[in-house]
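Please keep the sequence and the model in view while reading.

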Amino acid sequence: MNKERTKKASILRNDGFQTTISSILCILIGFLIGYIVLLIINPKGAGDAILAIMKNFLYYSSAVSAKKYLGTTLVKASALLMCALSVLFANKVGLFNIGVAGQYVVGAGASLYFAVGLGMPWYISLLAAIIFAAALGGISGFLKSYFNVNEVISCIMLNWISLYCVNMLLSTVKESSTPYTKPLSSANKDGLLPNLGLDKIFSNNKFVTIGVVLSVIAAIFVSILLDKTKFGYELKATGMNKHAAKYCGMKEKRNIIITMMISGALAGMGAGIFYLSGIEQWMIGQTSIPAMGFNGIAAAFLGGLNPIGAIFASYFIQHITSGGTYVDKTMYCTQISDLMIAFIIYLCGFVFFFKLFLNKYLDKRDEKMAAKAREGGEA
Amino acid sequence: MIKEAENLRFLNLKICGKRNQIMDNYAIEMLGITKKFPGIIANDNITLQVKKGEIHALLGENGAGKSTLMSILFGFYQPDGGEIKKDGKKIKINNPNEANALGIGMVHQHFKLVECFTVLDNIILGAETTKGGFLQKKEAKKKVLELSEKYGLYVDPDAIIENITVGMQQRTEILKMLYRDNEILIFDEPTAVLTPQEIKELMAIMKNLAAEGKSILFITHKLAEIMEAADRCSVLRKGKYIGTVDVKDTTPEELSAMMVGRNVSLVVEKKPSEPGNVVLDVKNMSVASQRGKKDAVKNVSLQVRRGEIVCIAGIDGNGQTEFIYGLSGLEPVKSGMIMMNGKDITRMPIRKRLTSGMSHIPEDRHKHGLVLDFSLEDNIVLQRYFEPQFTNKFGFLKRNSIREYANRLIKQYDVRSGQGPATKARDMSGGNQQKAIIAREIDKNPEILIAVQPTRGLDVGAVEYIHKQLVAQRDAGKGVLLVSFELDEVMNLADRILVMYEGEIVGEFSPGQVSVEELGLYMAGSKRMEVGAHE
C-alpha cells in the first residue's frame, strides 16, 4: 500500500509527466473559456463552433479531403515547429528571442528572393533563408553580449525593420496584377521543395514536401545538441548561471551570439520550408508581422520548452488555428476564430504556473500523509 | 566602555540571580516544539525558555533547526506540536505581524535597511506616526534620541544608511526593535560583519539591554561570544534539543561537544611552513570599483610562495572580492601585473588561467561556484568538461567517464547527497555543495589555490574538514591564498597574514606575533604600516 503510494507520487513528480498534464489542463481551460465567450456572443452556435475548431480537417466527411487538409495543417505546423525550436533554443541560454518573428520574415524574404528573383534551386534558397535569419539573430546576440542591450527590445525593433526591408525587397518579384509575389510553381519550379512522394500520402496535396520531415529532424537535432554535446552543456550552464559559466572560463559572450544565430537560423529555416513549399505567397505591403513567429513562442512554452514536446505542441496549435477557419461566419464575425485561438494560446503560457501549483499540492499532501503515518504509528 | 560593560554584567547577574528564585518567570517559552517537513524533522520536541532580562544563546550547527525554530516564533510556520507561552500565558502566533505585536523583534544577519533612506526613516518605517496623513518626524526623532541615549546606541538619525558604518547600521536595526517597544530581541549571528572592537561594543549594548529588562535571544556559532556575553545557552543538534547550560558553569569545549556530538579540535594542527619558490606574484594591482568612482583595489602587491598559506584578513567589503576577481580574471585589472609561475597572466583569459595552474574556490558558491540546476556530476566537471577524457572529438560528452570521475571524487572527498552524482546541486546541503567545489578545485592539482571564505555558513565538522584540506594542499607544496573575514580562521590557518583595508594592504604579520585585538585595529583602519612588495 505504502509502496504503491510512493510509486504513484514519483510519477506525479516526474518533470515530463507534469509538463504533459499541465499542458493538457491549459488546453482544456482555454477551450472552456473560449466556449463561454462564444456562448455570450451567440449561444446558438457555440457548440458547433468549438467543435469545428477541435475537428479542423475532420470537418470534411470524405477521407480524401480530410487527408488533404491534414497535409496542409502539417505543412503549417512544421513552420510553427521551427519557430518554437528557435524560441526554446534561445531560452536555454536564458534569452527571450521575441525576434523569432523578424527572423522568420527575413527567412521568407531571402528564400523567396533567391527562388523567384534569382531563380536559384530550393536548397540554395533554403540555405539563404537560414544564413540571413541567423545573421539577424546574431545582431541581437552581439548587442546583448557586448553592449548589454536587452534582447527583447533589440529584437522587437529588428522585427519591424525586417518587415519593411523584406516588403521592399520582394516588391521586385511582385506579380503585376496582385499584391503577392509571383507563385513559385510558375516562376521557378526548381525553387519548390521536393515532395519525395509525400504528397501521395495526403491525397495529392502538393504542398506536403520534405519540409515536414526536415522540421522533425531539426527537433531531434536540437534535442541531441542540447542534451548530449559539450556545446549544449556550455549553453545550458550559461543559461542557468552565467556567473558560474564565466567563472569556469566559458566564453559566455560568444555563446550568447552563437545561440542567437542558431535560434535565428531555425526560424529562418521555418520560413524557408513554408514559403518554398508554395503553399502561400508573400503579400507585399503587409503592415503586420506574420503571426507564425509569435505563435512559436506559445508552442515552445506549451511544449514545456522541450524540443520533442514542441513537435506535439506545434501540431496542436496549428490544428486549432486551421480549425478556426471552419467556424460558421454567419453566426460570428470573422475575427472569432483568431479570438478563440488567442484564448487557448494565452492559457498555454500558464503551463509553468500549473506545474508550480501541482508541486505545491504534492508537497502539502506528502506532509499530510507523513503526519497521518506518524499518528498511526504513535497510536 | 569595557569596564562599564563588566559592571553591567555584574548587575545583570544579580538581577538574574534574583529572578532565578522565582520559578517560571519566563518572558517567552517554546515548549516541546515539533516541526516536520517532508522527509525531515526540523524540530523534534524542542524546548527553549528565555527568562526576562537574560541573554540566552541559541547554539547549533547549520541545519540544527535554529532557523526553523525562529521562524515558528515569528509566525512564518505553525508547529506540528508543542506550544508557545509569553509571560506564562499560552499564545498562538499566526504571522510576523502578530509576533511584532507581541513584542518580538529580530535583527537579521543581513540587515533589512533601505540604503538610501536616513537612519530615522529606517527606524520608523512601517511604524510611522502620522497626523492627518502627514509624518510626525519630530516626535519620532525625539523618541529615537531618547532610546539611543538610554541604551548607549549612538546613531546619527539624519545620516543616510549607505554612508554609515556597519556597526551603526546594526545599531539602527536594534533601535528599530526598541522603537516598536519590543521586549524580546532576537539577534541572528550579529557579529559576522563586525570588527573585534565593534563586537565588544555590541556585547556591551546587549548586556545593557538585558539589564534594562529586555530578553535577548542570541543565535550564534561562535563559542567565545557565548562565553563572554550569554547567561545561559541552549544547544540544538540535528533538530533535537540537547540541553541548556549556565554559561558560567561550562567551557567552550563542552559547548562544542554538545553542538557537534563529538569532540572537535578547535585548533588546526599543522607543521611550520616551508616556503619554496614564489608561485603568485602580484605587483601594484588596481581594480576599478563596480559602484563608485574610487578604485576598489589600490596598488596592491603581494607574493605567495609554494608551501605557505597567505591569508588576507579584513572586514567584508574592503576590496577583497574585487582583488580576487582581478586575480581570477572575472574583472579586468586597471593597472599592475600578475605573475603566475613566472608567466605574466594579467590579460590571460579565465580558461587559460584555470588550465595553467590556478584553482579558485569562489566566495559565493551559489553565484559562481555551482550551476545549481545542474546535477552534481555536471558540476564536478565544470572546470574540465572540455578535456578529451570527458568530450570526444565530435563534441559529444562522454557521459560514462563523467559519471565515473564524479563517483571517484564523491567517494574520495565524502560528498554526500540524496541520489549520488545525479543529485541536483540545489538539493544538496551547503556543506556538501562546498565539499563538491573543493573536490573539483583540489583534484585539478593546482599550483596556486585561491580560497575565498571557504567555510562560510558551514558547520563545525565541515569547517574542520576544509581546513585540513587547505593545510594538506600547503604541505603538498602548493601556494594557498586564503581570504577570510573570520579572525579565528585567519589565526588558525595562516602562515602569513595580510590585512586589507579600503582596497589597500595595511599590515603584514606572522600569526604568532600579533593579537586578535591588534589585527582588529588594522582591519578597522585605525592603524597601518607601510607594506611594500618584497623583491
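This is a predicted model: local features need pLDDT of at least 70, side-chain atom pairs count only at pLDDT 80 or more; totals for chains, interfaces and linings use all residues.

Is the crossing of helix 5 of chain A and helix 6 of chain A right-handed or left-handed? The crossing of these two helices is right-handed.

## Helix packing in chain A

Helix 5 of chain A covers residues 100-117, and helix 6 of chain A covers residues 122-147. On the side of helix 5 of chain A, the contact includes Gly102(A), Val106(A), Ala110(A) and Phe114(A). On the side of helix 6 of chain A, the residues include Trp122(A), Leu126(A), Phe132(A) and Leu136(A). By class, this contact has 12 nonpolar residues, six polar residues and no charged residues.

Helix 6 of chain A also meets helix 13 of chain A, which spans residues 252-275. The crossing of helix 6 of chain A with helix 13 of chain A is right-handed. The residues of this contact comprise 17 nonpolar, 11 polar and two charged.

A further pair is formed by helix 14 of chain A, residues 291-302, and helix 15 of chain A, residues 307-323. Their axes are 8 Å apart and the packing angle is about 130°. Angles over 145 degrees count as roughly antiparallel and those from 65 to 115 degrees as roughly perpendicular, so an angle between these ranges is oblique. Helix 14 of chain A is therefore oblique to helix 15 of chain A. The crossing of this pair is right-handed. From helix 14 of chain A, Asn295(A), Ala298(A), Ala299(A), Ala300(A) and Leu302(A) take part, and they meet Ala310(A), Ala313(A), Ser314(A) and Ile317(A) of helix 15 of chain A. Seven of the contact residues are nonpolar, two are polar and none is charged.

| Helix pair | Angle | Axis distance |
|---|---|---|
| Helix 5 and helix 6 of chain A | about 150° | 8 Å apart |
| Helix 6 and helix 13 of chain A | roughly 150° | within 6 Å |
| Helix 14 and helix 15 of chain A | about 130° | 8 Å apart |

The domain assignment of chain A gives domain 1 (64-348) and domain 2 (352-379). The C-alpha centres of these two domains of chain A lie 43 Å apart.

## Domains of chain B

Chain B is divided into domain 1 (2-103 + 183-260), domain 2 (112-181), domain 3 (274-357 + 447-535) and domain 4 (374-445). Between domain 1 and domain 2 of chain B, the contact takes 13 residues from domain 1 and 10 residues from domain 2. Helix 7 of chain B, residues 196-211, supplies the largest share of the domain 1 side, six residues. That side of domain 1 of chain B has seven nonpolar, three polar and three charged residues.

Strands of a sheet pair through backbone hydrogen bonds, either parallel or antiparallel.

One open sheet of chain B has four strands in the order 14-13-16-17, with antiparallel pairing. Strand 14 (295-305) and strand 17 (343-344) of chain B each have a single partner strand, so one side of each is left without a neighbour in the sheet. Strand 13 (residues 278-288) and strand 16 (residues 335-340) of chain B are joined by five bridges. Asp281(B) stands opposite Met339(B) of strand 16 of chain B.

Another open sheet of chain B has six strands in the order 18-19-20-15-21-22, and its pairing is mixed. Which strands stand at the edges? They are strand 18 (358-361) and strand 22 (504-509) of chain B. The twist averages 20° from one strand to the next. Five bridges join strand 21 (residues 496-501) of chain B to strand 22 of chain B, and the two run antiparallel. Ile497(B) stands opposite Phe509(B) in strand 22 of chain B.

Helix 10 of chain B, residues 320-328, packs on this sheet, and its direction makes about 150° with that of strand 19 of chain B. Helix 18 of chain B, residues 516-523, lies across strand 15, strand 21 and strand 22 of chain B, at about 35° to strand 21 of chain B.

Key: Residues are numbered from 1 along each chain as its sequence is written. Chains are lettered from A and ligands numbered from 1 in the order in which they are written. Two strands pair if DSSP finds at least two bridges between them. Domain bounds come from an automatic or database domain assignment. Axes are lines fitted to C-alpha atoms, for helices over the stretch in contact, and angles run from 0 to 180 degrees between N-to-C directions. Angles under 35 degrees count as roughly parallel, over 145 as roughly antiparallel, 65 to 115 as roughly perpendicular and the rest as oblique. A crossing is left-handed if the near helix is turned anticlockwise from the far one by less than a right angle, and right-handed if clockwise. Two residues are in contact if their C-beta atoms, placed from the backbone, lie within 7 Å. Ala, Val, Leu, Ile, Met, Phe, Trp, Tyr, Cys and Pro count as nonpolar, Asp, Glu, Lys and Arg as charged, and the others, Gly among them, as polar.
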